[in-house]
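Below is a walk through one protein chain, from its overall layout down to a single residue. Start with the order of the elements.

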Amino acid sequence: MHSYFEQLKDAAEILGLRYEILTGGEASTIIKTSLEKFVPFRTLGHLAISDENSIYLKLSDYEYTFSEKLDDEPVFVFFEQTREKVDVVFKLLNGKNFSKILEECGILEYFLTNETVDYLIAANWYTIEIVGNKNFEDEKK
(Lines give C-alpha, C1' and ligand atoms only; values in the text may rest on other atoms or scores of the structure.)
Protein backbone atom coordinates (compact mmCIF):
# COMPACT_ATOMS: atom_id res chain seq x y z
CA MET A 1 0.00 0.00 0.00
CA HIS A 2 1.21 3.49 -0.83
CA SER A 3 2.22 5.75 2.02
CA TYR A 4 0.11 8.83 2.59
CA PHE A 5 2.82 10.97 1.00
CA GLU A 6 2.94 8.74 -2.07
CA GLN A 7 -0.85 9.01 -2.39
CA LEU A 8 -0.69 12.82 -2.24
CA LYS A 9 2.23 12.95 -4.67
CA ASP A 10 0.53 10.62 -7.16
CA ALA A 11 -2.74 12.59 -6.97
CA ALA A 12 -0.96 15.92 -7.47
CA GLU A 13 0.83 14.54 -10.50
CA ILE A 14 -2.39 13.15 -12.00
CA LEU A 15 -3.99 16.59 -11.58
CA GLY A 16 -0.94 18.51 -12.78
CA LEU A 17 -0.56 20.36 -9.48
CA ARG A 18 2.75 21.67 -8.16
CA TYR A 19 3.95 20.26 -4.86
CA GLU A 20 7.05 19.57 -2.80
CA ILE A 21 7.81 17.01 -0.14
CA LEU A 22 9.69 18.65 2.71
CA THR A 23 11.86 16.70 5.14
CA GLY A 24 14.25 17.36 7.97
CA GLY A 25 14.48 20.74 9.66
CA GLU A 26 12.04 22.60 7.41
CA ALA A 27 9.33 19.98 7.92
CA SER A 28 10.10 19.65 11.61
CA THR A 29 9.72 23.41 12.13
CA ILE A 30 6.28 23.52 10.47
CA ILE A 31 5.05 20.54 12.47
CA LYS A 32 6.49 21.71 15.79
CA THR A 33 5.20 25.28 15.35
CA SER A 34 1.70 24.04 14.44
CA LEU A 35 1.47 21.64 17.36
CA GLU A 36 2.87 24.14 19.89
CA LYS A 37 0.68 27.02 18.71
CA PHE A 38 -2.64 25.15 18.55
CA VAL A 39 -1.98 22.28 21.02
CA PRO A 40 -4.23 19.65 19.41
CA PHE A 41 -6.04 17.31 21.78
CA ARG A 42 -5.17 14.22 19.69
CA THR A 43 -2.09 13.99 17.51
CA LEU A 44 -2.17 10.20 17.13
CA GLY A 45 -4.93 8.06 15.72
CA HIS A 46 -8.22 9.95 15.49
CA LEU A 47 -6.78 13.48 15.06
CA ALA A 48 -8.56 16.33 16.85
CA ILE A 49 -7.80 19.88 17.94
CA SER A 50 -10.72 20.38 20.37
CA ASP A 51 -10.29 24.13 20.73
CA GLU A 52 -13.24 26.15 22.08
CA ASN A 53 -13.09 28.25 18.88
CA SER A 54 -13.01 25.31 16.49
CA ILE A 55 -15.36 25.09 13.56
CA TYR A 56 -16.52 21.57 12.72
CA LEU A 57 -17.52 20.46 9.24
CA LYS A 58 -18.98 17.04 8.49
CA LEU A 59 -16.37 15.21 6.42
CA SER A 60 -18.92 13.56 4.13
CA ASP A 61 -20.32 16.99 3.16
CA TYR A 62 -17.10 19.01 2.84
CA GLU A 63 -14.14 16.69 2.17
CA TYR A 64 -13.96 17.47 -1.55
CA THR A 65 -14.82 21.18 -1.35
CA PHE A 66 -13.55 22.73 1.90
CA SER A 67 -10.19 23.83 0.51
CA GLU A 68 -11.92 26.12 -1.99
CA LYS A 69 -12.37 28.52 0.96
CA LEU A 70 -8.64 28.64 1.69
CA ASP A 71 -6.56 31.60 0.59
CA ASP A 72 -4.62 31.21 -2.67
CA GLU A 73 -1.35 30.21 -0.99
CA PRO A 74 0.67 27.06 -0.28
CA VAL A 75 -0.62 24.61 2.30
CA PHE A 76 1.38 22.18 4.38
CA VAL A 77 0.01 18.73 5.19
CA PHE A 78 1.38 16.41 7.86
CA PHE A 79 0.23 13.33 9.68
CA GLU A 80 0.65 11.76 13.08
CA GLN A 81 4.35 11.61 13.81
CA THR A 82 4.94 7.87 13.64
CA ARG A 83 7.16 5.66 11.48
CA GLU A 84 7.66 7.08 7.97
CA LYS A 85 5.59 10.19 8.73
CA VAL A 86 8.08 11.76 11.16
CA ASP A 87 9.34 15.17 10.04
CA VAL A 88 7.80 14.93 6.56
CA VAL A 89 5.40 17.54 5.14
CA PHE A 90 3.56 17.63 1.83
CA LYS A 91 3.50 21.19 0.46
CA LEU A 92 0.88 21.98 -2.17
CA LEU A 93 1.63 25.29 -3.84
CA ASN A 94 -2.03 26.16 -4.46
CA GLY A 95 -3.95 25.21 -1.32
CA LYS A 96 -7.34 25.86 -2.89
CA ASN A 97 -6.81 22.64 -4.87
CA PHE A 98 -6.15 20.40 -1.88
CA SER A 99 -9.67 18.91 -1.85
CA LYS A 100 -9.21 17.87 -5.49
CA ILE A 101 -6.22 15.81 -4.41
CA LEU A 102 -8.35 14.11 -1.76
CA GLU A 103 -10.70 12.85 -4.47
CA GLU A 104 -7.79 10.79 -5.81
CA CYS A 105 -6.72 9.40 -2.41
CA GLY A 106 -8.10 7.04 0.16
CA ILE A 107 -9.40 8.40 3.44
CA LEU A 108 -6.63 10.29 5.18
CA GLU A 109 -6.35 11.70 8.68
CA TYR A 110 -4.13 14.75 8.54
CA PHE A 111 -3.27 18.21 9.80
CA LEU A 112 -3.12 21.14 7.37
CA THR A 113 -1.77 24.67 7.85
CA ASN A 114 -0.26 27.55 5.89
CA GLU A 115 3.32 28.83 5.82
CA THR A 116 2.78 31.33 8.64
CA VAL A 117 0.79 28.79 10.70
CA ASP A 118 -2.17 31.16 11.02
CA TYR A 119 -4.58 28.25 11.29
CA LEU A 120 -4.69 24.52 11.81
CA ILE A 121 -7.09 22.06 10.24
CA ALA A 122 -7.45 18.50 11.50
CA ALA A 123 -9.31 15.96 9.43
CA ASN A 124 -10.30 12.53 10.63
CA TRP A 125 -12.73 9.94 9.30
CA TYR A 126 -15.77 12.00 10.39
CA THR A 127 -14.90 15.65 10.83
CA ILE A 128 -12.87 18.51 9.44
CA GLU A 129 -11.98 20.72 12.41
CA ILE A 130 -10.70 24.23 11.75
CA VAL A 131 -9.21 26.74 14.17
CA GLY A 132 -7.78 30.16 13.32
CA ASN A 133 -9.02 30.47 9.73
CA LYS A 134 -11.55 33.30 9.36
CA ASN A 135 -12.66 32.06 5.92
CA PHE A 136 -14.84 29.46 7.64
CA GLU A 137 -16.61 31.74 10.13
CA ASP A 138 -19.88 31.51 8.20
CA GLU A 139 -19.83 27.73 8.84
CA LYS A 140 -19.74 28.18 12.63
CA LYS A 141 -22.74 26.67 14.32
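From the N terminus on, the order of elements is α-β-α-β-α-β-β-α-β-β-β. The chain has four helices and seven strands, where helices (H or I, at least four residues) and strands (E, at least two) are DSSP runs numbered from the N terminus. This is a predicted model, in which local features need pLDDT of at least 70 and side-chain atom pairs count only at pLDDT 80 or more, while totals for chains, interfaces and linings use all residues. Residues are numbered from 1 along each chain as its sequence is written, and side-chain values use heavy atoms, with hydrogens and water left out.

Taken along the principal axes, the C-alpha atoms of the chain fill a box of roughly 35 × 30 × 25 Å. Of the 141 residues, 47% count as buried, meaning under 20% relative accessible area with a 1.4 Å probe and protein chains only. Among contacts (heavy atoms within 4.5 Å) with a separation of 6 or more, 72% come from residues 24 or more positions apart.

Ser34 gives a local view. Its place is in helix H2, residues 24–38. Ser34 counts as buried because its relative accessibility is 0%. The side chain of Ser34 reaches the backbone oxygen of Ile30 at 2.8 Å; a polar contact is a pair of N or O atoms within 3.5 Å, where within protein one must be able to donate a hydrogen and the other to accept it, and residues adjacent in sequence count only if both atoms are side-chain atoms. Leaving aside neighbours within four places in sequence, Ser34 is in contact with Val39, Phe78, Thr113, Val117 and Leu120.

Key
Buried < 20%, exposed > 50% of the residue type's maximum accessible area, 1.4 Å probe, protein only.
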